[in-house]
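Reader: Hi! Could you walk me through this one while I have it open?
Author: Happy to, just ask away.
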Amino acid sequence: MSSLEPKIDPPAPGGSCPGATHEHGHALPILHEIRHALERLLAGGESTCIDLHSMPFGPGDLERLTAVLGSGEVQARVEALGPTLIRETAIPGVWLVDYRSLEDQRLSYQIEIAAIPEILRPRPEDLAESLGVLEARLAESGLDATPNASPPSS
């Protein structure tokens with residue numbers, strides 16, 4: 001394995017009972033659901049969101065799931081009504097999205113199967129305003145934003 005390959009995180013250590021696996025078998029069905037979602041993403045671009053926060057995980061299930069998914073190279077943090085942490089897994093197109101309150105309480109924990117997590121995409125109305133915002137900032141900076149502006153003379 002080269003140093004550039006994503007790593008698969010080892011499972012979390014067992015709990016207080018020596019030899020206990022603390023796995024209740026909920027990780028495997030979710031991994032199969034992720035596989036089917038990846039097939040849909042590849043075939044037609046369909047994104048899927050799996051809400052982990054509402055899953056009836058037993059002790060060790062979430063740790064097993066995240067260990068199999070591993071860690072990728074991309075992480076992002078969005079500050080909007082509390083922090084949202086986005087982490088790429090070792091599987092391209094599979095993201096862990098952790099929504100937190102201002103008090104750092106978990107509000108939602110999701111797996112998104114998508115090229116880019118929805119929270120990182122600009123809203124269409126924001127995107128529609130982007131050209132005007134850039135032109136206003138260029139004008140405020142003293143630079144000319146009009147396309148017919150003559151290039152600076154040398």
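Reader: Which side chain does Arg-100 meet in a salt bridge at 3.9 Å, N to O?
Author: That is Asp-104: the side chains of Arg-100 and Asp-104 form a salt bridge at 3.9 Å, N to O. The term stands for a side-chain nitrogen of Lys or Arg within 4 Å of a carboxyl oxygen of Asp or Glu. Before we go on, this is a predicted model, where local features need pLDDT of at least 70 and side-chain atom pairs count only at pLDDT 80 or more, while totals for chains, interfaces and linings use all residues. Residues are numbered from 1 along each chain as its sequence is written, and side-chain values use heavy atoms, with hydrogens and water left out.

Reader: Is Asp-104 buried, exposed or partly exposed?
Author: Asp-104 counts as partly exposed, at 48% relative accessibility. Buried means under 20% relative accessible area, exposed over 50%, and partly exposed in between, with a 1.4 Å probe and protein chains only.

Reader: And what about Arg-100, buried or exposed?
Author: Arg-100 counts as buried because its relative accessibility is 18%. Arg-100 sits in strand S4; strands (E, at least two residues) and helices (H or I, at least four) are DSSP runs, numbered from the N terminus.

Reader: What else does the Arg-100 side chain pair with in a salt bridge?
Author: Asp-98, at 3.2 Å, N to O. Asp-98 is buried too, at 7% relative accessibility.

Reader: How many salt bridges does the structure hold?
Author: Seven. Another one of them joins the side chains of Arg-123 and Glu-125 at 3.4 Å, N to O. Arg-123 is partly exposed at 47% relative accessibility, and Glu-125 is partly exposed at 41%. Elsewhere, salt bridges with shared partners link Asp-98, Arg-100, Asp-104 and Arg-106 into one network.

Reader: Which residues does Arg-100 touch, leaving out those up to four places away in sequence?
Author: Leu-81, Gly-82, Pro-83, Gln-105, Arg-106 and Leu-107. A contact here is heavy atoms within 4.5 Å.

Reader: Switching to Leu-96, where does it lie?
Author: Leu-96 is in strand S4 and is buried, with a relative accessible area of 2%. Setting aside neighbours within four places, its contacts include Leu-52, Thr-66, Leu-69, Tyr-109 and Ile-111. Leu-52 is 44 residues away along the chain, and the two C-alpha atoms are separated by 9.5 Å.

Reader: Which residues touch the most other members of the largest nonpolar core?
Author: Of its 15 residues, those are Ile-34, Leu-52, Leu-65, Leu-69, Val-94, Ile-111 and Ile-113. Such a core is a set of buried Ala, Val, Leu, Ile, Met, Phe, Trp, Tyr and Cys residues joined through side-chain atoms within 4.5 Å. H1, H2, S4 and S5 each give two or more residues to this core, and H1 gives the most, with six.

Reader: Nice. Which residues of helix H2 are buried?
Author: Asp-61, Leu-65, Thr-66, Ala-67 and Leu-69, in a helix that runs over residues 61-69. Their cover includes helix H1 (27-44) and strands S3 (83-88), S4 (94-100) and S5 (106-113). Just after H2, Gly-70 takes a positive phi of about 70 degrees.

Reader: Last one: what is the mean pLDDT of the protein chain?
Author: The mean is 84, and 78% of the residues reach 70 or more; pLDDT is the predictor's confidence in each residue, from 0 to 100. Residues 11-20 fall below 50, and this stretch has eight contacts in the model beyond near neighbours in sequence.
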